[in-house]
Amino acid sequence: MTTHAWTLLGLFLAILLVTVKPMGLYLAKVMAGDYGFVRKTESPLYRLCGVQADEEMVWLKYAFAILLFNALGVLAVYALQRLQAWLPLNPQGMANVSPDSAFNTAISFVSNTNWQGYGGESTMSYLTQMLALTVQNFLSAATGIVVVIALIRGFARHTAATVGNAWVDLTRVTLYVLLPISIVYAVFLVGQGSIQNLDAYKEVTTLEVTKYDAPKLDADGQPVKDEKGAVVNEPAETATQTLAMGPVASQEAIKMLGTNGGGFFNANSAHPYENPTPLSNFIQMLSIFLIPGALCFTFGRMVGDTRQGWAVLAVMTVMFAGLAIAAMYFEQQANPLLTQLGVDPTFGNMEGKETRFGIADSGLFATITTAASCGAVIAMHDSFMPLGGLVPLVDMQLGEVVFGGVGSGLYGMLVFAILAVFISGLMIGRTPEYLGKKIETYEMKMTSIAILVTPLLVLVGTAVAVITGDGRAGIANPGAHGFSEILYAFSSAANNNGSAFAGLSANTPFYNTMLGIAMWFGRFGVIVPVLAMAGSLAAKKRLAVTEGTLPTHGPLFVVLLIGVVLLVGLLNYVPALALGPVIEQLMLFATY
Amino acid sequence: MKTLLRPALSLFVLLSVITGLAYPLLVTGIAKTTFPVEAGGSLIVKDGKTIGSRLIGQNFSDPRYFWGRPSATTPMPYNASASGGSNLGPLNPALMDVVKGRIDTLRAADPGNTLPIPADLVTASASGLDPHIGIAAAAYQAGRIARVRGIELAVVEGLVAQYTESRQWGIFGEPRVNVLALNLALDGLR
């Protein structure tokens with residue numbers, strides 16, 4: 001690893017840790033309604049919407065509210081895509097999106113996955129980008145945050161029947177946390193060079209005429225094929241370039257802040273109009289971890305012991321640093337096959353990377369975006385070195401708990417914490433407890449469901465795709481790497497990340513359906529048991545700390561929790577990883 | 001269930017209007033007044049004609065110009081309405097073939113050049129629209145440019161140095177040269 005890479009990582013962590021306390025405190029106060037300006041401005045909205053703001057909900061009602069709200073989101077995103085050709089703000093005349101792709105994208109954006117089977121600038125109208133996709137960038141992030149707030153209330157309250165009011169929580173997160181930060185952030189991005197307009201695409205005259213091979217079209221506009229079925233090309237040339245436009249910065253800001261990750265453009269944050277400078281890139285990296293990091297403090301404050309929050313943050317930070325170092329190290333290695341051809345190895349693996357970011361920024365970004373369930377990319381993960389690409393895979397397969405998605409990362413980690421105290425309780429023969437709450441059969445059932453649902457979706461989904469022709473048809477790279485592409489797709493979908501080994505042709509009815517199912521159950525198959533646990537924890541009495549209580553704020557617990565996450569989260573995937581990136585690494589260096 | 005339906009529907013509509021219409025339009029308004037050039041795409045206008053964007057690379061294959069990163073966009077390279085990378089894996093034979101072809105082209109255009117091949121000059125960028133190349137990639141091509149254009153090497157190297165951007169704030173990203181800006185400057189030499 002270069003000195004530059006170490007400096008970058010150190011600076012990133014230092015700035016991030018400084019933001020945790022103020023941001024976490026603000027979140028806690030907004031959610032509790034401690035600020036006068038929040039209460040004053042929100043109450044007219046509740047009257048307008050028929051929300052009984054002072055009426056708290058039992059967990060089941062809270063879960064229904066969340067599911068209903070998200071189901072409405074799916075319908076709206078689906079409808080807007082299917083009707084966009086007839087709706088305004090469509091200067092490029094984008095056609096209606098196909099049913100399977102629209103289904104996939106609707107679930108993808110509602111579940112905070114933001115997996116994209118389509119290319120943004122060649123598919124979506126500006127209205128769809130704004131009113132369907134930008135909206136869900138906000139609301140799916142808000143959903144994740146309110147669920148973890150409800151779970152924290154479960155720990156913080158005792159002998160209580162309710163976990164909060166879903167409508168109030170959603171409104172507060174959206175309007176007083178996500179929206180104001182996004183406005184400032186979006187304007188900053190424009191200052192760096194991101195575009196923000198509603199103009200038609202601009203045609204410019206290039207300095208040089210570009211000669212290229214274009215597919216030959218018949219009278220109906222269909223590509224001509226020869227006897228073998230291959231597309232026939234003919235020479236073509238162009239003296240112009242068409243620059244895609246759009247309201248990019250506004251979507252970009254919430255895309256990062258809400259760990260969404262769905263790019264306005266196909267190339268995502270690698271596109272110079274989304275992420276124009278190394279500075280904008282650094283801020284994008286920070287903004288992915290801002291809320292997931294801060295929520296750890298919010299957690300500690302709400303349960304009345306900030307040390308508990310710092311311990312969880314320590315687990316996340318240690319695991320993240322290790323993964324980031326690995327990614328930057330492996331990408332700094334040059335592809336030995338290219339070195340043989342005469343390429344200078346000092347530059348590392350530059351295939352699929354941008355010059356302004358280089359190796360260190362790209363490796364760090366890849367770790368951040370997959371450790372958090374963001375999924376934005378500034379480099380093509382499909383072209384990473386085998387073990388460089390293994391890091392993002394592992395990040396996702398750990399269950400998106402190393403910072404993780406906004407809200408979802410912390411509730412995922414707290415589920416692992418419950419498992420950790422359960423395991424240590426077994427070791428010493430005591431009834432496990434966490435934050436003064438006894439962990440009993442019901443909690444362990446919910447924990448098991450929450451932990452097992454994603455590996456099940458990933459491994460079964462991958463297996464089905466590998467044994468069916470429709471699944472194998474999408475593969476772009478031969479050999480073990482092709483398997484990795486499928487494994488990556490299901491890991492990304494079920495863990496709600498959204499990044500891809502993007503060579504995989506996933507915009508087919510098969511993948512749109514399979515991945516759509518994985519995304520929905522990977523999201524709500526965890527949210528519902530987590531809320532159930534919130535309800536049951538809230539109802540329990542709080543136990544006093546005794547000599548026999550396992551302290552959950554010290555280094556011992558930090559190590560224990562890291563161990564549990566690694567063992568339980570990762571062991572499921574070791575055989576699959578061996579078949580993909582590990583074999584590829586061995587083959588790459590064996591041929592050298 | 002019924003008690004949930006009304007708040008769900010009305011809150012969904014209200015928050016959609018705020019975050020999906022009011023917010024992007026507000027940002028558009030602020031952006032157009034504070035950063036009008038950037039908001040519109042950082043376009044370069046020469047003699048009344050728009051000839052590109054400061055942030056979007058263009059395809060160059062003429063030996064008189066500096067060449068940028070290879071671009072994997074389809075059907076033509078540097079297609080700025082269909083961005084993307086090659087997504088070729090490190091062990092894919094197609095990657096070897098295409099890199100070998102690029103090395104051959106580079107060497108054919110400048111047979112006497114014995115410098116090592118800079119990686120960014122033969123590997124496709126992530127966006128397919130990368131406006132920059134690294135310092136080594138510019139240095140590799142300087143000799144060719146000087147020879148083909150019949151100008152002093154020192155002049156070309158001076159121009160490269162003038163257009164070199166260092167790490168932002170000394171920390172972020174990598175040192176680089178904007179290819180389109182450099183080529184426009186080359187054409188401006190008289």
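The side chains of Asp199(A) and Lys32(B) meet in a salt bridge with an N to O distance of 3.9 Å, where a salt bridge is a side-chain nitrogen of Lys or Arg within 4 Å of a carboxyl oxygen of Asp or Glu. This is a predicted model, in which local features need pLDDT of at least 70 and side-chain atom pairs count only at pLDDT 80 or more, while totals for chains, interfaces and linings use all residues. Residues are numbered from 1 along each chain as its sequence is written, chains are lettered from A and ligands numbered from 1 in the order in which they are written, and side-chain values use heavy atoms, with hydrogens and water left out.

**Interface of chain A and chain B**

- Across this interface the rule finds one salt bridge, and the count of residue pairs in polar contact, both at pLDDT 80 or more, is 43; a polar contact is a pair of N or O atoms within 3.5 Å, where within protein one must be able to donate a hydrogen and the other to accept it, and residues adjacent in sequence count only if both atoms are side-chain atoms.
- Helix α6 (residues 166-192) of chain A gives twelve residues, the largest share of the side of chain A that touches chain B; helices (H or I, at least four residues) and strands (E, at least two) are DSSP runs, numbered from the N terminus.
- That side of chain A has 66 nonpolar, 35 polar and 15 charged residues, with Ala, Val, Leu, Ile, Met, Phe, Trp, Tyr, Cys and Pro counted as nonpolar, Asp, Glu, Lys and Arg as charged, and the others, Gly among them, as polar.
- The contact (heavy atoms within 4.5 Å) takes 116 residues from chain A and 106 residues from chain B.
- About 8,800 Å² is buried between chain A and chain B, 69% of it from carbon and sulfur atoms; buried area is the accessible area (1.4 Å probe) that two parts lose on being put together, summed over both.

**Cavities**

- The structure holds five cavities of 30 Å³ or more, a cavity being a set of points, on a 1 Å grid over the protein atoms alone, where a 1.4 Å probe fits but cannot get out, and lining residues having an atom within 4 Å of a point.
- The largest cavity has a volume of about 300 Å³, a volume being the space filled by probe spheres set on grid points that are joined across faces, edges and corners.
- Its lining divides into eleven nonpolar, eleven polar and two charged residues, and α13(A) supplies five residues, the largest share.
- The second largest cavity has a volume of about 100 Å³, and its lining residues include Arg430(A), Glu433(A) and Gly548(A), with four residues, the largest share, coming from α13(A).

**Salt bridges over all chains**

- The structure holds 18 salt bridges over all chains.
- Asp169(A) forms a salt bridge with Arg153(A), the closest N and O atoms being 2.8 Å apart.
- Asp169(A) lies in helix α6 of chain A and Arg153(A) in helix α5 of chain A, so this pair ties together parts that are 16 residues apart in sequence.

**Backbone geometry**

- A cis peptide bond, with omega about -10°, joins Thr74(B) and Pro75(B), and Pro75(B) is found in the loop between β2 (49-53) and α3 (93-109) of chain B.
- Asn114(A), a residue other than glycine, has a positive phi near 60°, and its place is in the loop between α4 (99-110) and α5 (126-156) of chain A.

Key. On a 1 Å grid over the protein atoms alone, a cavity is a set of points where a 1.4 Å probe fits but cannot get out, and a pocket is an open set with protein on both sides within 12 Å along at least five of seven lines; lining residues have an atom within 4 Å of a point.
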